[in-house]
Amino acid sequence: MTSNSIDSLLHESRRFAPSDAFSAASEASRDLYTSAKEDRIEFWADKAREYVHWHKPFTETLDWSTPPFAKWFADGELNVAYNCLDRHVLAGNGDRTAIHWEGEPGDSRSITYAELTAEVKRAANAMAALGVGQGDVVAIYMPLVPEAVIAMLATVRLGAAHSVVFGGFSAESLRSRIDDASAKLVVTADGGWRKGKVFPLKAAVDAALANGESSVTNVLVVKRGDNDVEWTEGRDLWWHDQIEAAEPEHEAQGFPAENPLFVLYTSGTTGKPKGILHTSGGYLTQAAFTHKNVFDLKPETDVYWCTADVGWITGHTYVTYGPLANGATQVLYEGTPDTPNQGRWWEIIQKFGVSIFYTAPTAIRSFMKAGRQIPEQYDLSSIRVLGSVGEPINPEAWIWYRDVIGAGNTPIVDTWWQTETGAIMVSALPGLTTLKPGSAQVPIPGIKIDILGEDGTRVDPPNGGLLVVSEPWPAMLRGIWGDPERFKETYWSKFPNLDAPKYFAGDGAHVDEDGDIWLLGRVDDVMNISGHRLSTTEIESALVSNHIVAEAAVVGAADEATGQAVVAFVILKSNQEHAQTAAEASALLRLHVAKEIGAIARPREIFIVSELPKTRSGKIMRRLLQDVAEGREIGDTTTLADTTVMQIISDKLK
Ligand code: PRX
């Protein structure tokens, strides 16, 4: 390993070419790569015209005159909700099912494009009556019910932007997101179903809006859990009452291509979560283009299912915007994969005849653990394309996915992208690419990716380096909400000396001799837990916010089920050292983190220690803690301020 590169030890030689039949019927053709290569900008302009209906056509494609602030299709106007709804009805596809929704307790509901359009129109009118319009932000804190999608579309139909907050996040996380974006309206539900029980949501909204001034004037509450809720008169309104009272007709108006579409908060290396801002025209273009070509979507016949919650970027782009812009029929499932039994997902695939299935490696690994005898009880023969997203998929999980879920012959697309990239950036195209288990493979047409060393020079195969996006792309983030400096600093400052700014994604990768990309994981202090990004800093802050904690360090340790797991090292305040046992302190702190951030951030283990390893400049050496957390021999400690610290820690933990 040279200092300029990251080592990669994996060698995987299995190859899977698409079948002739699949290739012959493929939506994507090689021309996509050729035309994108000839003129990347013109390629995207073409795609924008092909995939999006413009209220007012654009005449300029990309404005990159003030990097890193890009504008795509800036003088064009569109309505994103119209693109996802009305135009399909007008084209005669109103009777096509848009959503087959399945509730966790077994209730279900199928909604056609005509019905979805009608509901969104009413919801838009209801929101407009509450004062929502262009420039406003609507916070959405919901279980995975159709109203979550309806609320997103109604918001953007009015030219407002949404901020969806994952329903598993705590009241505290919700509060900070509402405040950061000055949300005007919150759409929530009384509760949702999860693991056979109703979990309250409205109560968390109440807590988030308690004490202090808030920008929120109303809370719209969908009835779902039927659990008791507290009511603030004048502020809280039942969704169904407002929808019923709303006018049915609503004409979609065009908004500028760069009108904000949504803010979605994601963890960064330092400080509070970043509100990633996406806008309309470029985002929708890349969402629809990738959804169609990466999944080989045939909207007339396919039944598509992406298992992500709308609280994550995958749920934005590949549940709401991509599939609906393409007029697809999709499944939406409220609950967990193992409720009421471990075959629930396979039962849903069988019930609706799902043909395209998109999920995360963490889920695949947990199914592997439970055993192939479970999926084998179901008829999964409708499946013809499988997708993976969220973290690198290890080759064994890939092979299991193909063999057991995909009958040994289904193409798998491993899609690399991020909240910030907005849409898929690296992936095979299933009718064209010879697949390699474990590799995300090639940039999609129109996307320019490079792997650079620390010094900004390109690293040669088979060495690894840092993955950068070298040219602006349509669905790129347009900034961090309210913080342009942080936007520049976080993503564009890694290689300041190159002639053009490059987006640094935070991931390591290497390219093999064929030009295929292999992702090597994050190179910063961000962990990937079950395909979700969590920052070490945020969890450390949550720990330190507890009165018993003096100092905390968090690392991501390899975990069979979740990819990485949170492991924390905590120094207690001196007056607390004897107040409880280490086991009591760690139980209390695990609960505390779940309350502050959400259950997803709860540490798998907390070690109570008396010292933390620091460099002379005071930076915690997480690498060494990771060695402890993963039960490895401790690495090089020579740069520590006090080289005996690691000995003290390991002695204490013995
Ligand atoms: O580290 C990469 C990993 O997930 C990060 C992005 O996380 P988030 O913004 O939450 O979006 C997840 C869903 C798009 C990336 O920086 N990641 C995502 N997909 C892959 C991946 N790592 C390897 N292979 C992938 N296919």
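Q: Hi! Where does lysine 619 sit, in terms of the elements around it?
A: Hi! Lysine 619 is in the loop between β30 (605–608) and α19 (622–629). Keep in mind that this is a predicted model.

Q: Got it. Is lysine 619 buried or exposed, and why?
A: Lysine 619 counts as exposed because it has 11 C-beta neighbours inside 10 Å. The cut-off for exposed is 12 or fewer.

Q: And what does UniProt list for Lys619?
A: An unreviewed UniProt entry lists Lys619 as "modified residue: N6-acetyllysine".

Q: Okay, new topic: what domains is the protein chain divided into?
A: There are domain 1 (3–450), domain 2 (451–521) and domain 3 (530–653).

Q: How far apart are the C-alpha centres of domain 1 and domain 3?
A: Those centres lie 34 Å apart. The two domains do touch: the contact takes 22 residues from domain 1 and 18 residues from domain 3.

Q: Which elements give two or more residues to the domain 1 side of that contact?
A: On that side they are α8 (171–181) and α14 (361–370). Helix α14 gives the most, with 5 residues.

Q: What kinds of residues make up that side of domain 1?
A: The side of domain 1 that touches domain 3 has 6 nonpolar, 12 polar and 4 charged residues.

Q: Let's move to helix α15. Which of its residues are buried?
A: In α15 (residues 395–405), the buried ones are Ala397, Trp398, Tyr401, Val404 and Ile405.

Q: Why do they count as being on the same side of α15?
A: Because they cover an arc of only 160° around the axis, they are on the same side of α15. As a general rule, an α-helix has 3.6 residues a turn, so residues three or four places apart point the same way.

Q: Nice! What do the buried residues of α15 pack against?
A: They pack against α14, β19 (385–389) and β20.

Q: Last topic, the ligand. How many residues surround the ligand?
A: The ligand is surrounded by 22 residues, and the closest are Pro392, Trp416, Gln418, Thr419 and Leu519. Elements giving two or more residues to this shell include β20 (412–415) and β25 (517–522).

Q: Which element gives the most to the shell?
A: That is β24, with 3 residues.

Q: How do the shell residues divide by type?
A: The shell around the ligand has 8 nonpolar, 9 polar and 5 charged residues. Domain 1 and domain 2 each supply at least three residues to the shell.

Terms used. Residues are numbered from 1 along each chain as its sequence is written. This is a predicted model: local features need pLDDT of at least 70, side-chain atom pairs count only at pLDDT 80 or more; totals for chains, interfaces and linings use all residues. A residue is near a molecule or strand if its C-beta atom, placed from the backbone, lies within 6 Å of it. Helices (H or I, at least four residues) and strands (E, at least two) are DSSP runs, numbered from the N terminus. Ala, Val, Leu, Ile, Met, Phe, Trp, Tyr, Cys and Pro count as nonpolar, Asp, Glu, Lys and Arg as charged, and the others, Gly among them, as polar. Domain bounds come from an automatic or database domain assignment. Two residues are in contact if their C-beta atoms, placed from the backbone, lie within 7 Å. UniProt positions are given in the numbering used here, feature names are shortened, and annotations may be inferred rather than shown by experiment. A residue is buried if 20 or more other C-beta atoms lie within 10 Å of its own, exposed if 12 or fewer, and partly exposed in between; C-beta atoms are placed from the backbone. The arc is that of the directions from the helix axis to the C-beta atoms.
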